[in-house]
Every structure is written in C-alpha cells, then in structure tokens.
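Please keep the sequence and the model in view while reading.

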Amino acid sequence: MITASDLSEFARLSALRPDELEDLARIARVVSFPAEYRLITEGDVADRCWLIRDGRILLDAHVPGRGDLVVQTLGSGDLLGWSWLVPPYRWSFGARTAEPVTAIEFDAAALSALAEADAEFGRTLTLLLFEVVLDRLQSTRARLLDLYSNPNQASAR
C-alpha cells in the first residue's frame with residue numbers, strides 16, 4: 001500500500017498539499033517490470049502514468065528507416081507518462097525498461113476524476129505534468145542536435 005509519506009519522497013510532487021498526496025496515495029499501486037519490458041508503445045492508448053522508484057526506463061521515438069531511437073533515460077524519482085492528459089490520449093513516445101523497474105502506477109481515469117473534483121489540484125497536476133513535457137522536449141532536442149550535428153563543424157571551432 002502506498003502512503004502520502006511515500007509520495008512525498010518524489011521531488012516532482014513537492015507542490016502538492018498533504019491532503020492531495022493522501023488522495024493520490026488512495027489511487028496508487030506498486031508495480032514491477034522485468035528488464036527489456038516494452039511498457040509503452042508509441043501511438044497506443046495512454047491510460048496511466050508512473051513514478052519510478054528503482055531502475056531505468058528508456059524513452060524512444062520511432063524513426064522510419066532507423067527503428068526506435070532512444071531519446072532519454074529515466075530513473076529513480078522521474079515521472080513517466082503525460083500523454084493521458086491531452087487528447088487524443090495516445091502515447092507520444094515509446095518506453096522500455098533497461099533493467100528491472102519498480103514504480104508507483106496511477107490510472108488516468110482516477111487521476112482525471114481527482115482533478116475534476118478539485119480544480120486547484122487539477123491545476124497543480126497540470127503544471128507538474130507540463131514541466132515533464134518541457135523536460136522531455138529539451139532532452140529530445142538535445143538528442144536530435146547530437147545525432148544530426150555535422151562532425152566537421154565541431155572540429156572547425
């Protein structure tokens with residue numbers, strides 16, 4: 001069973017009030033996944049999210065002709081899954097475990113119900129997830145610049 005105290009250990013949730021953490025704890029469950037497990041397939045229905053306790057998860061994007069390209073590695077304390085918040089509720093990236101992972105899982109419908117019942121909580125949750133989106137965007141941008149940079153430009157500097 002997850003408690004509000006368990007959730008308070010995650011820096012991403014620091015903006016939440018104790019009663020909001022209690023509400024989140026009621027809808028949370030602990031899950032475990034083995035190494036090399038495909039957790040998310042890009043384009044599938046997004047219906048949950050996770051707070052990673054232990055292990056590493058590789059975020060990837062499918063690139064035609066190149067396969068699944070890793071754009072970021074997530075680890076302990078990171079949040080995985082924001083696509084459930086925005087229509088059409090489809091995963092924007094794929095994800096697989098790089099090693100065994102233990103996480104706290106939240107059902108998207110239950111999160112949405114909490115957000116609808118408490119507008120302040122909904123706003124805080126939306127801002128929290130927006131920060132994750134910006135982090136992913138910056139990480140993806142850096143990864144793409146690294147992949148597609150001209151090696152001759154780097155040596156000319």
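Predicted model: local features only at pLDDT ≥ 70, side-chain atom pairs only at ≥ 80, totals over all residues.

## Aromatic pairs

The structure holds 2 aromatic pairs. In one of them, the ring centres of F33 and Y37 lie 5.2 Å apart with their planes at 20 degrees, so this pair counts as stacked, the cut-off for stacking being under 30 degrees. F33 is buried, with a relative accessible area of 13%, whereas Y37 is partly exposed at 37%.

W50 and W91 also form a stacked pair, with 6.0 Å from centre to centre and 25 degrees between the planes. This pair links distant parts of the chain, 41 residues apart, since W50 belongs to strand 3 (residues 48-54) and W91 to the loop between strand 6 (79-80) and strand 7 (94-97). Both W50 and W91 are buried.

## Largest cavity

Of the 2 cavities of 30 Å³ or more in the structure, the largest contains about 80 Å³ of space. W91 is among the residues that line the largest cavity, together with others including I40, L59, W82, F93 and R136. By class, this lining has 6 nonpolar, 3 polar and 1 charged residues.

## Second largest cavity

The second largest cavity holds about 70 Å³ of space, and its lining is made up of L13, L24, C49, L79, F106, L111, L125, L128 and L129. These comprise 9 nonpolar residues, with no polar and no charged ones. Helix 4 (residues 119-148) gives the most to this lining, with 3 residues.

Key:
Residues numbered from 1 in each chain as written. Heavy atoms only, no water. Phe/Tyr/Trp six-rings, centres within 6.5 Å; stacked < 30°, edge-to-face > 60°. Buried < 20%, exposed > 50% of the residue type's maximum accessible area, 1.4 Å probe, protein only. Helix = DSSP H or I, 4+ residues; strand = E, 2+ residues; numbered from the N terminus. 1 Å grid on protein atoms, 1.4 Å probe; cavity = no way out; pocket = protein on both sides within 12 Å on 5 of 7 lines; lining within 4 Å. Points joined across faces, edges and corners; volume = space filled by probe spheres on them. Nonpolar A, V, L, I, M, F, W, Y, C, P; charged D, E, K, R; others polar.
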